[in-house]
Amino acid sequence: MDIVWVASEMAPFSKTGGLADVAGALPKALAGRGHRVLAVSPMYKDVPEAVDTGIKVIVHLFGHDHLVRYFAVDRDGVRWVLVAHSSFRREGIYGDSKGAYGDNLFRYALLSRAALEAARFVPGLDGQWLGDDVVFHANDWHTGLLPVYLHALYRPAGVLRRARVVLGLHNLGHQGTTHAEEFGGLDLAGRWWGHLDFHGYLNPLKAGVVTSDALVAVSPTYAKQIMHDQGFGLESVLRARRTDLIGIPNGIGPEWDPANDTHLPAHFDVDHLEGKKACKAALQRELGLPVRDVPMFSMISRLDYQKGVDLVQSITPWLLSNDVQLVMLGSGSKEYEAFFRRAEQRWPRQARGWVGFNEALAHRIEAAADVFLMPSRFEPCGLNQLYSMRYGTLPVVHGTGGLVDTVTNASPGRDDATGWVFRPHEVDAFQQAVGWALLTLTRYPAAWAKMQRNAMLRDSSWDRSAALYEAVYGNVLARPV
Ligand code: ADP
Ligand code: GLC
């Protein structure tokens, strides 16, 4: 199949969260299964290894012609296509310290158009042009307008006539909603407004939901929840498309493997855990914590309401009344960043709250810690619980979305548990689950070792999910246009 995978962030070129990890890994897994893949994302900054393809297109948006250039990195069987335009060259990806950029609708409409044009003008890594039956895999609100443009501007002109669009749903909490007046800049005839209109506002995610051929949420539980009460207003729109909506869980890319993770000071695997101890000691040294074999709790997160950082904040005094350490990494809301700083000041020998984005440190924390805290209010899939399990760091998670689908709760009589799943989303339930984790770690070493082994052996490879995506693509291609 010919697949154009499009996302607003793509690791290692750009990243704010899990979408980038998925965008950096799934195209590879698809290419590994024999498909021709262009993976398209904006070029937010210089990428030294990217080659200028010399291919340029002009896209008309917001009353002007915009020249877009394509750079390419050919690696891992995928042509990574970086879309160069001055509007992507900013300090942040979606915004800066003053907030979200005011022209994001323009920037991502441009990305959507550039991805459609890429299918026409950028050959695959093998030098061959993409065929007529191309599948676009758009993601989240940023590329929600891609199918609209396909229907409105391309198909009527006899271009990309047989192309199909699958929309990945990673987070209904962000829909790109903006004022209706902006519609005028999108270069779409008035009759398309109905697809974008949501209660009088322009909603690119809704537009993608109603015009794509198929919808894939990033876990089976999230696929159900967004039709029920987690759709941030889009529940009934999603229900109307229920036969075209499924959930496929995310996997783990090869760079998250404790046996050869380049960010780690020591390596380990399920049968050789000595390296994990060395990672803990090294992290304690790095962060200036006492170097001791003491239970280490951890959290790595965008500091957003979604992630339930407030629950971690609430249990911290109790948690640190035990002989344990707590290491947190995150950035986002000022309120939670302040909590990180206060925790360090109040418990200098026990707590560290590293404010900022630090990929290498994220790997070292996953490797060093014993327990990972992930009390998300909602979690479409979640990757950190998967990384944690692979690194033998048992997760405590709220029973929602992909966390339910990927973590097996420790309950009496089960010998396949990989972590603790609590409900409801309240401090008491969370504290109790964290208490169980601490008790198991300190008093029941055999039970701990068994859970750790289960967690590390869990199959989170991308290949299984890639096969499911392949079936979705095959299915939409088999339908008449
Ligand atoms: P989400 O996409 O909602 O943020 P995921 O669990 O799917 O949640 O993915 C989060 C990704 O972002 C993981 O790779 C995680 O390690 C990374 N991450 C989040 N915050 C930071 C940070 N401050 N520094 C480094 N990596 C981070
Ligand atoms: C979103 C979700 C997260 C998911 C990620 C990748 O950012 O919040 O749960 O893992 O996308 O699909």
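## Ligand shells

By class, the shell around ligand 1 has seven nonpolar, nine polar and six charged residues; Ala, Val, Leu, Ile, Met, Phe, Trp, Tyr, Cys and Pro count as nonpolar, Asp, Glu, Lys and Arg as charged, and the others, Gly among them, as polar. This is a predicted model, in which local features need pLDDT of at least 70 and side-chain atom pairs pLDDT 80 or more, while totals for chains, interfaces and linings use all residues. Residues are numbered from 1 along each chain, chains are lettered from A and ligands numbered from 1 in the order written, and side-chain values use heavy atoms, without hydrogens and water.

Ligand 1 is surrounded by 22 residues (a heavy atom within 4 Å), the closest being G18, D21, R302, K307 and G356. Strand β14 (296-303) supplies the largest share, three residues (strands are DSSP E runs of at least two residues, helices H or I runs of at least four, numbered from the N terminus).

For ligand 2, 14 residues form the surroundings, and α1 contributes the most, three residues.

| Residue, part | Ligand | Distance |
|---|---|---|
| G18, backbone | ligand 1 | 2.6 Å |
| L383, backbone | ligand 1 | 2.8 Å |
| H170, side chain | ligand 2 | 2.7 Å |
| E379, side chain | ligand 2 | 2.4 Å |

Taken alone, ligand 2 exposes 310 Å², of which the protein buries 93% (Shrake-Rupley method, 1.4 Å probe). Domain 1 (2-251 + 463-478) and domain 2 (274-459) both give residues to the shell around ligand 2, so ligand 2 lies between them; the domain bounds come from an automatic or database assignment.

Key:
Polar contact = N/O pair within 3.5 Å; in protein donor to acceptor, adjacent residues only side chain to side chain.
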